[in-house]
Each structure stands twice: as structure tokens, then as C-alpha cells.
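Dear colleague,

Please find below the structure that I am handing over to you. My findings follow directly after it, and I would ask you to read them with the structure open.

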Amino acid sequence: MIPSAFDYVRAASVDEALAQLAEHGDEAKLLAGGHSLLPLMKLRLAAPTVLIDIGRLRDLSYVRDGGNHVAVGALTRHRDVEVSDLLRAEVPLLAHTAGLVGDPQVRHRGTIGGSVAHGDPASDLPAVVLALGGTLVARGPGGEREIAAGEFFHGFLETALAPDEMLTEIRLPKRPGAGWSYQKFNRRAQDWAIVGVAAVRNGGAGVALVNMGSTPLRATAVEQALASGASPADAAAHAAEGTEPPDDLNGSADYRRHLVQVLVRRALEEAGARG
Amino acid sequence: MMTAVRITLTVNGTRHDDDVEPRLLLVHYLRETRGLTGTNVGCDTTSCGACTVLLDGESVKSCTVLAVQADGGEVTTIEGLASGDAMHPVQEAFREHHGLQCGYCTPGMVMAAVSFLAEHPDPSEDEVRHGLEGNLCRCTGYHNIVKAVMAAAKTPAAPRA
């Protein structure tokens with residue numbers, strides 16, 4: 001399968017990428033690792049007429065200690081997130097889950113920023129950023145702004161990013177001593193999660209759901225139940241509340257509503273054992 | 001529309017300059033522009049791994065990389081693994097342990113294994129199985145493929161592309 005024709009420009013800096021976005025408007029798409037965008041283009045579900053390649057902006061590939069948080073450059077590849085000593089020590093949920101995205105070849109190319117900006121509800125990392133209460137840093141013509149993860153995912157493949165903005169950094173708060181878990185349920189090793197659950201616990205809990213609606217979802221009913229002292233099993237019984245899971249070849253919506261309760265319980269138990 | 005882009009790629013050690021259409025996929029560049037048909041197209045949807053090659057030493061699925069993205073890089077295909085008549089230790093191990101049946105997945109499987117071993121020089125069998133998650137063998141010949149990769153890992157001083 002071959003994508004429809006497009007013009008290709010390569011940005012040598014964030015400013016250059018923003019200028020290209022301003023010039024071409026919503027006809028253009030940013031290309032990072034390409035592992036969300038190119039498959040869509042090959043299926044002709046996306047047909048941008050201009051691709052702005054930001055894949056060479058290596059100064060946006062980093063993992064840095066920001067004091068109370070860890071900052072990850074948007075162009076950091078999944079493999080580099082997976083093996084980062086700083087993330088393994090301070091945000092192990094993210095490092096661990098990055099190692100479960102797709103397969104090794106995908107992790108050599110795909111980037112955390114690409115995955116988050118794509119906003120696929122079936123992707124692993126957006127839910128992790130949501131569970132951790134991360135912050136997304138975007139740059140646009142008006143400068144830089146910070147967006148809370150809870151306000152970032154607007155609809156199916158839609159985010160708070162404006163067409164002339166670019167995601168530059170993902171900040172994850174450190175939660176020393178927190179227990180964590182990522183439960184990914186699928187039938188073939190490399191597949192998307194049929195349902196996934198990201199959980200982090202120390203005092204308060206953050207629980208986010210994969211593939212249970214049109215965006216990655218925060219399991220607020222579960223979090224509230226835990227806050228009022230419910231056991232993991234009792235809290236997990238609320239996991240499907242407020243969700244609208246898809247119905248597809250991998251499972252019916254009812255099956256997902258059941259599965260999510262099982263996976264939330266497992267995630268809370270594992271996080272509890274790790275904390 | 002479709003302004004051609006000049007790219008420079010080092011493929012199996014030889015440098016090439018080409019004007020390519022931006023939408024040209026790396027796998028088609030390798031097979032059609034370079035005539036290196038050892039790299040197969042299987043699913044064409046980033047799933048099966050038949051098109052796996054090394055880009056700057058790391059395994060990638062060449063059906064999901066644009067040739068323009070690889071510009072300036074070094075690509076190694078199955079044709080570039082052997083040194084003269086001496087097969088690469090991973091190729092040798094696949095031969096020795098019969099890590100193939102129909103052979104279609106084999107070039108991608110070997111390239112994925114070379115990249116995996118560079119990152120995991122002393123893997124457990126479980127790590128090998130997970131490390132090859134991106135490659136499907138529809139003959140289901142995984143048993144001997146895993147055996148071959150385990151054997152290659154034990155080859156002393158295996159050169160790792």
C-alpha cells in the first residue's frame with residue numbers, strides 16, 4: 001500500500017516546524033517516528049498534502065531530571081524511554097509500559113510525543129501519562145503553554161493541540177515509593193490492548209483506561225472508591241462506569257466492560273504489592 | 001506536488017545518491033531502486049516483520065519508514081550480513097538449527113535477531129521469544145527459530161552488524 005502523494009519538508013528546528021505549520025495549515029502533518037501516521041496514510045485514512053519531518057530534531061530527544069518531575073522530550077523513542085535509568089528509577093510505570101508498545105521494531109522508531117499527540121484511545125502511553133497526572137508542553141506561534149494530561153484528550157484522535165502547535169515535552173511527576181502497574185490484555189503479542197489499565201498508588205491513586213472509549217479515560221469512579229477506603233476488588237467493580245467501550249472483532253462492548261473490572265483489580269493489587 | 005527529494009543512503013556499505021518521491025517506502029527503495037529483493041513484503045501493515053532491516057544498526061520495519069526518513073543513514077539488509085562466503089553467525093545458526101520452513105519470514109527474522117542480540121547479548125529463552133514479537137512465522141516454526149537465536153547468542157565474538 002502506498003500513501004497518496006505529498007510534499008516533504010524537513011524542519012531543522014522547532015521554530016522552522018512551527019513556521020511550516022503556519023504556512024500550510026491543516027493540510028500539513030508533523031512526522032516524528034511515523035508509526036501512527038504512516039500506517040494511516042498507507043490505508044489512505046489520512047492524506048496530508050505536506051509532511052513536515054521533525055524526526056531529526058534530536059535536541060527534543062532527552063530524559064531530564066526536573067526536580068519534582070522528569071521531563072521527556074517529545075521525540076524520545078519508545079526504546080530510549082524503556083531503557084532510561086532515570087525513568088526506571090523515578091517513573092517506572094512509564095519505562096515499563098514503553099517496553100510494551102508494539103514490538104521492538106516499532107519501539108526503535110515510534111516516539112512518546114507522536115503517541116501522545118496522536119491521542120489514540122487504544123495506545124498505551126497516553127493512558128500512562130493520564131494515570132500519572134502528567135503535563136504536556138506545547139509550542140505555538142504565541143509561545144509555550146502547559147496542558148494538564150486530564151485536559152489534553154478531547155475526542156477520537158483529537159487533542160488540545162491547535163493545528164499550529166507542536167508538542168515538545170512530556171512532564172511526569174515523581175511519586176517516590178508509589179506502587180504501579182500496567183495491565184495490557186491482548187490476544188497477539190504485538191497487538192493494541194483490547195483493554196489496558198495504568199495504575200499508580202501512593203496515598204491517592206491514579207487509574208487510567210485504554211480502549212474503553214473515544215479517548216484514554218481516567219477511571220474516576222475507581223479513584224473515588226479507593227479514596228473512601230474501598231478494597232481493590234470493591235473499587236474495581238466501578239471500572240466500567242462512565243465508559244463507552246468499542247464493539248469490534250476483538251471483543252464486544254459488554255466483554256470490555258467485564259474485562260476492565262478484572263484488569264483494574266489486577267492492576268490495583270499489583271500496584272499495592274509494589275508500593 | 002510530489003517534488004522529488006535527493007537522498008543519500010549507505011546500503012550494505014555502499015553509498016548511493018537517488019532522487020526519490022517522498023512517499024517511496026524504504027522497502028520499495030531497497031527492492032526496486034536497489035534491486036535487493038531479499039527483504040520481503042508480507043503484511044505491509046507493520047505487523048509481520050518480513051520487511052525488517054537494520055537502520056543505523058537497529059531493526060525497523062521498512063514498510064513503515066519512508067526512504068526520505070532514512071536519508072543519511074546506514075541500512076543493512078539480509079544481503080549485507082555475510083562477509084564474503086562466511087555467513088553471519090545468526091545466519092549460520094538458522095542453517096544449523098533449521099530455523100526456517102518456507103523461508104518467507106526468514107530474512108526479517110534474521111535481521112530482527114541480529115538487532116535483538118546487539119541489545120541482549122546473553123538472553124534467556126523467554127527474552128528471545130519476546131524479542132521476536134515483531135516477526136510472524138506462518139509456518140509456526142518458532143521452536144527452531146528460538147533455538148537458532150539462543151545458539152547464535154552463544155557463538156563467541158559474534159560480529160553484530
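In chain B, the side chains of B:Arg95 and B:Glu96 form a salt bridge, with an N to O distance of 3.7 Å. Please bear in mind throughout that the model is a predicted one. B:Glu96 has a relative accessible area of 54% and is therefore classed as exposed. Helix α2 of chain B covers residues 89-96, and among its residues B:Pro89, B:Val90, B:Gln91, B:Ala93 and B:Phe94 are buried. The cover over these buried residues includes two further helices of chain B, α3 (106-119) and α5 (142-153). After α2(B) comes B:His98, which has a positive phi near 50°.

Over all chains, the count of salt bridges is 25. A second one in chain B joins the side chains of B:Arg6 and B:Asp19, at 2.9 Å from N to O. B:Arg6 belongs to strand β1 (residues 5-11) and B:Asp19 to strand β2 (residues 14-20) of chain B, so this pair ties together parts that are 13 residues apart in sequence.

A:Arg274 pairs with A:Glu270, and their closest N and O atoms are 3.2 Å apart. Why are A:Arg274 and A:Glu270 separated by about one helical turn? The reason is that they are 4 residues apart in helix α11 (residues 253-274) of chain A. A:Arg274 is partly exposed, at 36% relative accessibility, and A:Glu270 is partly exposed as well, at 31%.

Salt bridges also form a network, which links A:Arg79, A:Glu82, A:Arg107 and B:Glu119. One of these residues, A:Glu82, sits in helix α3 (residues 78-83) of chain A. Is A:Glu82 buried or exposed? Its relative accessible area is 16%, so A:Glu82 counts as buried. Apart from neighbours within four places in sequence, A:Glu82 contacts A:Arg88, A:Ala95, A:Ala98, A:Gly99 and A:Arg107.

Another buried residue of chain A is A:Phe153, with a relative accessible area of 10%. A:Phe153 is part of strand β8 (residues 153-155) of chain A. Which residues does A:Phe153 touch, when those up to four places away in sequence are not counted? They are A:Val116, A:Gly119, A:Pro126, A:Leu130, A:Glu158, A:Thr159, A:Thr215 and A:Pro216. A:Thr215 is 62 residues from A:Phe153 along the chain, while 6.1 Å separates the C-alpha atoms of the two.

The residues A:Asp80, B:Asp56, B:Glu58 and B:Glu74 gather in a patch of negative charge. Of these, B:Glu58 is found in strand β4 (residues 58-61) of chain B. B:Glu58 is partly exposed, because its relative accessible area is 30%.

The other patch is nonpolar and consists of A:Met1, A:Leu43 and A:Leu45, which together have about 300 Å² of accessible area. A:Leu43 is placed in the loop between α2 (37-42) and β3 (50-53) of chain A. With 48% relative accessibility, A:Leu43 is counted as partly exposed.

Yours sincerely

Technical notes: Residues are numbered from 1 along each chain as its sequence is written. Chains are lettered from A and ligands numbered from 1 in the order in which they are written. This is a predicted model: local features need pLDDT of at least 70, side-chain atom pairs count only at pLDDT 80 or more; totals for chains, interfaces and linings use all residues. Side-chain values use heavy atoms; hydrogens and water are left out. Patches are made of residues with over 30% relative accessible area and no salt bridge: like charges are joined within 9 Å, nonpolar side chains (Val, Leu, Ile, Met, Phe, Trp, Tyr) within 5 Å. Accessible areas come from the Shrake-Rupley method with a 1.4 Å probe; for residues, only the protein chains shown count as cover. A salt bridge is a side-chain nitrogen of Lys or Arg within 4 Å of a carboxyl oxygen of Asp or Glu. Lys and Arg count as positive and Asp and Glu as negative; His and the chain ends are not counted. The place of a charge is taken as NZ of Lys, CZ of Arg, CG of Asp or CD of Glu. Helices (H or I, at least four residues) and strands (E, at least two) are DSSP runs, numbered from the N terminus. Buried means under 20% relative accessible area, exposed over 50%, partly exposed in between (1.4 Å probe, protein chains only). Contact means heavy atoms within 4.5 Å.
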